[in-house]
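This briefing covers chain layout, domain contacts, the chain interface, the nonpolar core and selected local features. Please read it alongside the sequence and the structure shown here.

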Amino acid sequence: MEKKFGVYICKGCGIADTIDVEKLSNVATKDRKMPFCKTHDVLCSPEGVQIIRDDMANEGVNTITIVACSPRVKYEVFDFPGTITERVNIREFVAWSQEPNNEETQALASDYLRMGIVRTQKGDLPEPNILADLSNTILVIGGGISGMTAALSAANAGSKVVLVEKEPKLGGFINELYKKIPTGEYKEPLIVDAGIDPMINEVETHPNIKVYKSARVDKTDGQPGLYDVTISSNGNSETIKIGAIVLSAGWKPYDANKLDHLGYGKFKNVITNIGLEEIARKSGNNGKITRPSDGKEAKKVAFIQCAGSRDPNHLPYCSSMCCATSLKQAKYVRQNPDALAMILYKDIRTPGRLEYYYKEAQNDPGVMMTKGDVTGVSDAGNGNLYVEMTDSLLGEKVKIEADLVVLAVGIVPATRDPQVYLDGLTQAAAKGDDAKKAYLETTLKPEFILNLTYRQGPEIPSLEGAYGFADSNFICFQYETRRTGVYAAGCVRQPMNMAEAQDDAAGAAFKAMQCIEHASRGVAVHPRSWDVTFPDPQLIRCTACKRCTEECPFGAIEEDAKGIPYYKINRCRRCGTCMGACPERIVSFKDYSVDIIGSMIKSIDAPEDEFRIVALACENDAYPALDTAAISRKRIDSSVRFIPLRCLGGINLVWVADALSKGIDGMLLIGCKFGENYQCHFVKGSELADYRFSKVGETLNRLQLEAERVQMMQVSISEYDKLPDMINAFVEKVKEIGPNPFKGF
Amino acid sequence: MAGNNTVLIIGGGFSGLTVAVEAAEAGLDAVIVEKNPYLGGRVAQHNKYFWKLCPPNCGLEIQFKRIKNNALVKFYTLAEIEGISGEEGNFDVTIRVNPRYVNEKCTGCNKCAEACPVERPNEFNFNMDTTKAAYLPFNQAFPFRYVIDDKFCKSDCKNICMDACKYNAIDFGMKPETIKLKAGAVAMATGWNPYDAAKMDNLGFGKVKNVITNMMMERLASPNGPTAGKILRPSDKKEVKNIAFVQCAGSRDENHLAYCSYICCLASLKQATYVRELYPDSKVRIFYIDIRTPGLYENRFLWKVQEDTNVTLTKGKVAGISEDPATGDVIIEAEDIHAGKKIKAKFDMVVLASGMVPNTGEMKRAAGIPVTDDGFVNAPELKKGIYAAGTLKSPVDVARSVQDATGVVMKSIQSLRRG
């Protein structure tokens, strides 16, 4: 595209009251050699926009710089498809946050204008990168209630589905159940048949679903839209084209052998909640609860809640489903009207309408519930047991006799063992080849689920605080994992009950379909779900340093035999972390590159007698916070120039060197909070920025500058009330250090 | 497939936004009908999300950015459903859009509000402060456009805001508009309302000045709330250093809400952190029946709050709340079940963890929506092609609303493909 530039400055909303717009206009035409710069009293008015449209039609203007308000507003007005349009925010960042009519305010507006024009000069119009031969088949891994629901949901929406189940029968844990909790009104009957066979039948006969049983995924190669998945089943192996994946591999009960203080493994009549289902289901028992030691009917059954769950030594989370499960199992016991069920709990957790299920149990005189901390289980003779409790409502220290004890064990996601194993391997490898070898020799390798052929590892990477669950830790965006195209559903994602798992599965299956749709248009998926740009490295200059392949939060970059990276573009979320990581500065997007941002910084005028600070700010949170501060007309020191980044993870240290060697006095990096409760939309971006920031000292040392001239800040979008003061305090600190000695060079 | 690729979404809170942007990004047309002048619903009123303590506006900002970048999402604010008829794949929808009196020329410059001479109670802040009759709902409102509440306009002053506006954005000639459109599927996402705390005689709300609800607490703690984030009590604007939370205020109570509202335990634990962080010398006491923090992260959040020795959790029901007339302090009478005794204690302020009431009213009228005895949408009885999301079916938090809303998109696609 041959660029025809047009620059348009708005005078409204206080802009003309704050700066000399004619002078600013001269910066565009004289300083930056733009062919013309027009001004308008209200550029967003129909008349104002018409000027731009006329220039597009009559003059062929296709590269437009709008010097007005924040790009977060009036987006629908300044929308010119097929053009390069840059919004220069002098309303919020100048008119609404600076002292009017002084030289520094004018200089600030001029710098913003220069930077905006540079961006249009350096940037190009993107075209989507649409890969050929995309598949729209969805692979569902795991044929339990979540997997079957996901498969049926997608199939009924018209998608082809491949379902892989490791057992010879579909249905998962439901096959182990004697009865289930009714859905709906929670009135008698309080236990109903699990009745999974009709659903299994529907899945197995659905024309859009192909089921593999006794099967596993041996290999998942490729990227969204273009996976080659190798499935082995009963000795056969087959490779299938897949578009996206629903991971619904389910869970297993927490290993009760680890709960020896509760007598499991020591006393025959201490069983788990899963064990109780088995007893109730046993043919001939017909629901009767007999005890393992002597086959006698159990008439005094104690349920110990949170057996392993809510315990820092075992599972630090609440498994969510065990309270309701024990209430249900108490009903098994109560099928014999003479029998007593005792539920010993920390809290009864029946949130929402499940409360009614709890109330029904409370109304049953044969179900006794007591709050307290269970400390142990001991022998009471004749196969009976004492459950010891402290802090109970029955007294400080009590012993309750039972003829059967049921441990309400919690859930462990299927993804946990592979993650633990792989994390251990990474740690061992970090210690050297010998340690790695020893680890591989001595550690039992668990069964992997996805078997991705990714450089960053074969499974969903573990997430701090997720204890092996394949979760995102985003409250607002439940289905994101760090493996684009893989959407987790059910108890592999979070602890949940059967009804919740079914809702969850429909959502995950939808996200898989949506991902395929985006791949077919060459558009990124969440959170830049409109973005058609993509990283396009100049590999001729690549030194195979591996930083990009290691740091990409989404494992989108692979290496060839020589260690040269190549992108699996449909995995890429377009955060630009690779661009920031690259010491050779070779990673570019059409509208976002090391050169573009670097040139913007270089376009800032750094006079000898004034301070200049460059603030690189996350466009997702820090930038809106700055806009919001401006709405309250909060003052920010006029020396600061903000440059938005897609994610702070895109920060390249060369910009720091560029800025400081040019006479910029200080630099601020403003990103999202990181750590366990991270807020970064790209999970690891701000954390990686911090890691790079920790190396900035070397750059500054080389330039013989004070390390304090560069600072990183973590802010949230809601800290708009504090952010101006934080920034101003930094400016004061830089002023104390004094001007950058490179000024004027 | 019918010639209709549209999902109608009633309610523009987090569930509705999720349905809309997810559907649009899969290539469907999405139309949101929102009764407020802004999108974001209850989430917009929250200071932080529980357990993660991150700002809800962060997620809203992404959703709004997705809307800005996707022409397939349309939304009407100040709008309500007048009628829905027809069948799955082919619904006829009538929408009434109430006048905003501010048109699309508004730049958000604030001049109208500066000029406006009258104040109105600010329902966004539960009437704890006021706005001008010409106002922006809040500082991160989307759309970023002012609105005029003409109920409060004086007949003789209208020219003041019009004169102040340089952009011809104020238009008192606006009339209610009726819009008709076709939709293949309908997603109801009208959310919830807090249970009316005044219905609980013994808990003093409305009579004891320093008894507030948990939603009011969100606004007090928010930097864009009535006290700019300082937690000050209503009677005398004193800093709240000694606070109590009363759990199950209405919930799990046959006389009020028989169900558990699910969010209140985590909400109070979260709000305990607001007070503790703001005032390091403060004390917090939470009266509860069961502490319900189910899930992967939630229980560790409970531990984190419990680690703070200035937070006390007391199992026991609150019997009565009264006011110390001399000081405005709040006196709680409660049982302490573990200690086996009755206690009486004084606090600067008391927060009622009031529960969630599904907001089905408008839709029952519009579409004959089946509801359960306790007021939730009876989902299995819904007409084909109509779905309910989030808190309409059961009390849930934002995470579970998102999950559910995403599932509703799947069901809507099935409707469009069937229809």
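An automatic or database domain assignment divides chain A into domain 1 (1–125), domain 2 (138–250 + 461–521), domain 3 (258–392), domain 4 (415–448), domain 5 (528–585) and domain 6 (591–745). This is a predicted model, in which local features need pLDDT of at least 70 and side-chain atom pairs count only at pLDDT 80 or more, while totals for chains, interfaces and linings use all residues. Residues are numbered from 1 along each chain as its sequence is written, and chains are lettered from A and ligands numbered from 1 in the order in which they are written.

**Chain A overall**

- Chain A has 21 helices and 30 strands; these are DSSP runs numbered from the N terminus, with helices being H or I of at least four residues and strands E of at least two.
- Along the principal axes, the C-alpha atoms of chain A fill a box of roughly 100 × 60 × 60 Å.
- Of the 745 residues of chain A, 58% count as buried (20 or more other C-beta atoms within 10 Å of the residue's own, with C-beta atoms placed from the backbone; 12 or fewer is exposed, and in between is partly exposed).
- Among contacts in chain A with a separation of 6 or more, 70% join residues 24 or more positions apart; a contact requires C-beta atoms, placed from the backbone, within 7 Å.

- In chain A, the C-alpha centres of domain 2 and domain 4 are 27 Å apart, and seven residues of domain 2 are in contact with five residues of domain 4.
- The domain 2 side of that contact has five nonpolar, two polar and no charged residues, where Ala, Val, Leu, Ile, Met, Phe, Trp, Tyr, Cys and Pro count as nonpolar, Asp, Glu, Lys and Arg as charged, and the others, Gly among them, as polar.
- Chain B is divided into domain 1 (6–98 + 176–191 + 359–418), domain 2 (111–164) and domain 3 (196–355).
- The C-alpha centres of domain 1 and domain 3 of chain B lie 31 Å apart, with eleven residues of domain 1 in contact with 20 residues of domain 3.

**Interface between the chains**

- Contacts link 62 residues of chain B to 64 residues of chain A.
- On the chain B side, α1 (14–25), α3 (56–68), α8 (298–307) and α10 (398–418) each supply at least two residues, and α10(B) gives the most, with 13 residues.
- By class, this side of chain B has 28 nonpolar, 18 polar and 16 charged residues.

- The largest nonpolar core has 397 residues, being a set of buried Ala, Val, Leu, Ile, Met, Phe, Trp, Tyr and Cys residues joined through C-beta atoms within 7 Å.
- A:L247, A:V301, A:L407, A:A509, A:A512 and B:I9 touch the most other members of this core, and its largest share, twelve residues, comes from α13(A).
- Helix α13 of chain A (residues 498–521) has 24 residues and reaches 35 Å from its first C-alpha to its last, close to the 34 Å expected at 1.5 Å a residue (1.5 Å times one less than the number of residues).
- In α13(A), 20 of the 24 residues are buried, and the helix is followed by A:G522, whose phi is positive, near 70 degrees.

**A:Y720**

- A:Y720 is in the loop between β30 (710–714) and α21 (723–737) of chain A.
- A:Y720 counts as buried because 25 C-beta neighbours lie inside 10 Å.
- Beyond neighbours within four places in sequence, A:Y720 is in contact with A:A625, A:T628, A:A629 and B:P223.
- A:Y720 and A:D621 are 99 residues apart in sequence and 9.8 Å apart in space, C-alpha to C-alpha.

Key: Contact = placed C-beta atoms within 7 Å.
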